[in-house]
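Please read the numbered points with the structure in view.

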Amino acid sequence: MTIWYGGDYNPEQWPREVWDEDVTLMQRGGITLATVGVFSWARLEPRPGEYDFAWLDDVLDTLHDGGIRVDLATATASPPPWLAKRHPETLPVTEQGVRLAVGSRQQYCPSSPVYRERARQLVTRLVERYAQHPALELWHVNNEYGCHVSHCYCEVSAAAFRTWLEAKYGSIDGLNRAWGTAFWSQRYDGFDEVEPPRAAPSFRNPTQLLDFDRFSSDELLACYRSEVEVIRAASEMPVTTNFMGFFKPVDYWKWAREVDLVSDDTYPDPADPISVPYAAMVRDLMRSLGDGAPWILMEQSPGAVNWRPQNAAKAPGQMRAWSYQAVGRGADGILFFQWRQSAAGSEKFHSGMVPHGGTDTRVWREIEQLGGELQRLSGPEVGLEGSRVPTQVAIALDWDSWWAVEQPASPTSVSYLETLFAWHHALTSLGLTVDFVRADADLSGYRLVVAPTHFVATDAQLENLAAFAEAGGTLVVGFGTGITDEHLHVRLGGYLGEPLRRTLGVWIEEFAPPAAPDLRAVGGGAAPPVALDGDVLGGAASGAVWAEYVRVEDAATEATFAEGALAGWPAVTRRGAAGGGGAAWYVATLPEAEALGRLVTRIVDEAGIELPSSVAHGGRVEVVRRGGLVFAINHGADEVELVVEGTDLLTGSGAAGLVLPSQGVAVVRPE
Ligand code: GAL
Ligand code: ZN
C-alpha cells in the first residue's frame, strides 16, 4: 500500500516518443498512479462500432513497464461528434429550450437510452480488454457526473421524468396532492400532461422543481450504475467516480454507497481568502461520504486553472500545503489534472505537473518534492494510509434542504452552503475536525451535532435529531429547520416540527428576515445586519440572513434580538435535556463570525469536548489529527512557532519547538 500520487494522463495529445519520457519523469516525480482515458472515446471508437485499442494497449504496457499503476477511465464523459450527428436527440436541452452543440465536452442527455447503450458497449469492450491488465488498480467511471450538464429538459428526459414520477406516486392524484397543484390551476389529469420544469411565466411549482432535482441526480446515478454493472460482471477491481466537493446537482449521500472508494476534484482559488477553510470543509465531506474511510483527491491543479475570469497561480509551497490538508483530513492519494500541460485545446493554459516550461521550473520541482515525501510517508512503519480521523462533532447535510431552501418564493435568500460553512468554520477555528452526517444516520458516536437550516425534514429525521439530544448529546439547530416535510408541505401549527419543538422547547411563529441590501448604495450594498445581544455571543453582536419570532415554551433565552420590532425576542435559546448531560440549542439567525465563535466555544465546552492543546492552533495554522499523527500546516504569510512534543516525519527533527515558514508543513509523531 502507498499514498497514491499522480494525475490525469492524456497521452493521445502527444507523439509516441513523449510517452517514454513521460514514464521516466513519472518515476523521477514519485508518481504511482495515472488516470488514463478520461476523454478518449473519440480515439477509442473513431467510427460507430469500430474500435482502436492498440494505442491504449501501448499506453498501459508502457506505464506498467515503468511501475506506474493505472486508474482506468471508462471514457464515456464526452461522446465523439459522430454520436450527435447520427442521433441529434442525444444532445442535451436547457430549460430555455436550447439544444447544446458538439465541440466542447459532456454533450449528452443523461436520460438518453442511445447514449447509455453506446457507453455500455464501449465499457464492455474496455472491460473485456483490460480487466486482467497487470497495471490496473482502479476503475474510474465517466468523469465529474453533471459537471456541465446536470439537468436536461429535452423530450427524452421529459418522458423519463414521467416514468420516474409514476413510480414514485403511483397515481396522478398522488402527484397532485404532493405537488399542491390545487393552487394556481395546476391540476394534472394524467402523467402525460406533466413536463420538466422548463422556463415558465412565473414561479414554477416548488415540489415539481424539487422532484426534478431528485430525478436529475438519479438519472446521472443510473448512468453510473449502468457502467458499473458491466465492470462488476467481469472485474474485481475497485470502482470510483470523481465527485466535486459540495456539488449541488448531485446528492452524494445516495452515490457514496455505490462507489468502492470516494474520490474528489477540488480547485480552491488561491486568490480567495476563504479557500483554505472552505477546502477543509470539502475534505471533511469526502471523508464523511465514505463513513470515515480514506478517500482520494483525484484532481487538483498543480498551479493555476484557466476557467476563472482571473486565474491566480498557487504561491510557492501552496500546492504542497493544500495537499497535506487533504492527507491530514483523510486522503490516501493526491492526484492532479493533468500530467503534462496541453499545447493545444481548451485547457492549454491550465497548469500541468509538467509545465510548458519543462522540468527546470518551480511547479515541477514542487511536484517532485511532494512525490518524494509521500513515498517516505507511505508504508506500515508510518501507519498513515488507511488510518482514520477521529471526530466528536458533526454537521447535518441534506441535498433536499439545499435544493429547497434556495428556491425562489422563499422567506429570504439563504445560501445553504454559506450557512453550513459558517458553522463548520466556527468549529474548525477551534481546532476541531468535523464530520458531515445525514440527519437520519446513527449519531451516537458524536457528542455534538449541528443542524443548520435543515429545511426539508422527514419525520424520521426530526425524531432522530431529537432523540440524539434526549440521549445526552448536544444538539444545535439553526434557523430554517423543519419548515416542510419531504413534499415541501409546510409543517403547520408553528415551524420546527413536533419532535424538535419538544426537545428545543421553542417554536417559530413568524419569519422576519432583515431588509434586502440597498441596491442603490455605492458598491452594491450589503444586507443590513440584525442587532443581537447576549453574553453567549460576547455581548452586543450582529446577525445576518434570517431573523424570526421565536416562542419559548421550555428553554432559557441566551441571546435576544436587540432592535426594531424584534427587540427583546429570543435569538438563541438553550434547553438542558431532561436526562442530564445533553443540551438542545436553537439559533434563530446567523451570528457574525466572532459572535458565532463565542457561541460555539461555549457549546463545545459545555458538551465536554476537549480542544486540542498540544499545538498552537491560532491564526492561520491548521492542525489536524489523523491516525497517530499530527498534521500542522501554516497557511499564513508569516512564520510561526509550534509547541509540539514529537518528531517531524518530514524533516526527522525532534520537534519540541518547530518553526513553520509560510506554507510550511510538519507531520509530527507525538512522543
Ligand atoms: C475538472 C475536469 C478535468 C479538467 C479540470 C480542470 O472539472 O474533470 O477534466 O477539466 O476540471 O480544472
Ligand atoms: Zn434530455
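1. Q106 belongs to the loop that runs between α4 (81-86) and α5 (113-130); helices (H or I, at least four residues) and strands (E, at least two) are DSSP runs, numbered from the N terminus. Although Q106 is not a glycine, its phi is positive, at about 60°.

2. On the basis of the work, this is a predicted model in which local features need pLDDT of at least 70 and side-chain atom pairs count only at pLDDT 80 or more, whereas totals for chains, interfaces and linings use all residues. Residues are numbered from 1 along each chain as its sequence is written, chains are lettered from A and ligands numbered from 1 in the order in which they are written, and side-chain values use heavy atoms, with hydrogens and water left out.

3. With a relative accessible area of 25%, V545 is partly exposed. F337 and Q338 are joined by a cis peptide bond, with omega of about -10°, and Q338 is placed in the loop between β9 (331-336) and α12 (362-377). For context, most residues other than glycine have a negative phi, and most peptide bonds are trans.

4. Which residues hold the zinc ion (ligand 2)? Its protein donors are C109 (SG), C152 (SG), C154 (SG) and S157 (OG), at 2.1 to 2.2 Å from the ion. Donors are N, O and S atoms within 2.8 Å of the metal (3.2 Å for Na, K and Ca); water is not among the atoms, so sites may look incomplete. The spacing of the donor residues in sequence is C-x42-C-x1-C-x2-S.

5. The arrangement around the zinc ion (ligand 2) is tetrahedral because its 4 donor atoms subtend angles of 95 to 119°. Four donors count as tetrahedral if all angles lie between 85 and 135 degrees. The ideal angle for four tetrahedral donors is 109.5 degrees.

6. How do helices α10 (residues 275-289) and α14 (residues 416-428) pack, and at what angle? Their axes are 10 Å apart and the angle is about 95°; axes are lines fitted to C-alpha atoms, for helices over the stretch in contact, and angles run from 0 to 180 degrees between N-to-C directions. The helices α10 and α14 are therefore roughly perpendicular (under 35 degrees counts as roughly parallel, over 145 as roughly antiparallel, 65 to 115 as roughly perpendicular and the rest as oblique). On the α10 side the contact involves P277, Y278, A280, M281 and D284, and on the α14 side L417, L420, F421, H424, H425 and T428; contact means heavy atoms within 4.5 Å.

7. E406 is found in the loop between α13 (399-405) and α14, and its relative accessibility of 28% makes the residue partly exposed. Setting aside residues up to four places away in sequence, E406 touches K248, V414, S415, Y416 and L417. Between E406 and F455 there are 10.0 Å in space, C-alpha to C-alpha, and 49 residues in sequence.

8. T503 lies in helix α16 (residues 498-504) and is buried, its relative accessible area being 2%. Apart from neighbours within four places in sequence, T503 contacts A466, A469, E470, R575 and A584.

9. V552, in strand β17, is partly exposed at 34% relative accessibility. Not counting residues up to four places away in sequence, V552 touches G505, V506, T557, P570 and T573.

10. The domain assignment gives domain 1 (393-606) and domain 2 (621-670), with bounds that come from an automatic or database domain assignment. The C-alpha centres of domain 1 and domain 2 are 35 Å apart.

How values were computed
Four donors count as tetrahedral if all angles lie between 85 and 135 degrees; four count as square planar and six as octahedral if opposite donors are over 155 degrees apart and all others between 65 and 115; anything else is irregular. Buried means under 20% relative accessible area, exposed over 50%, partly exposed in between (1.4 Å probe, protein chains only).
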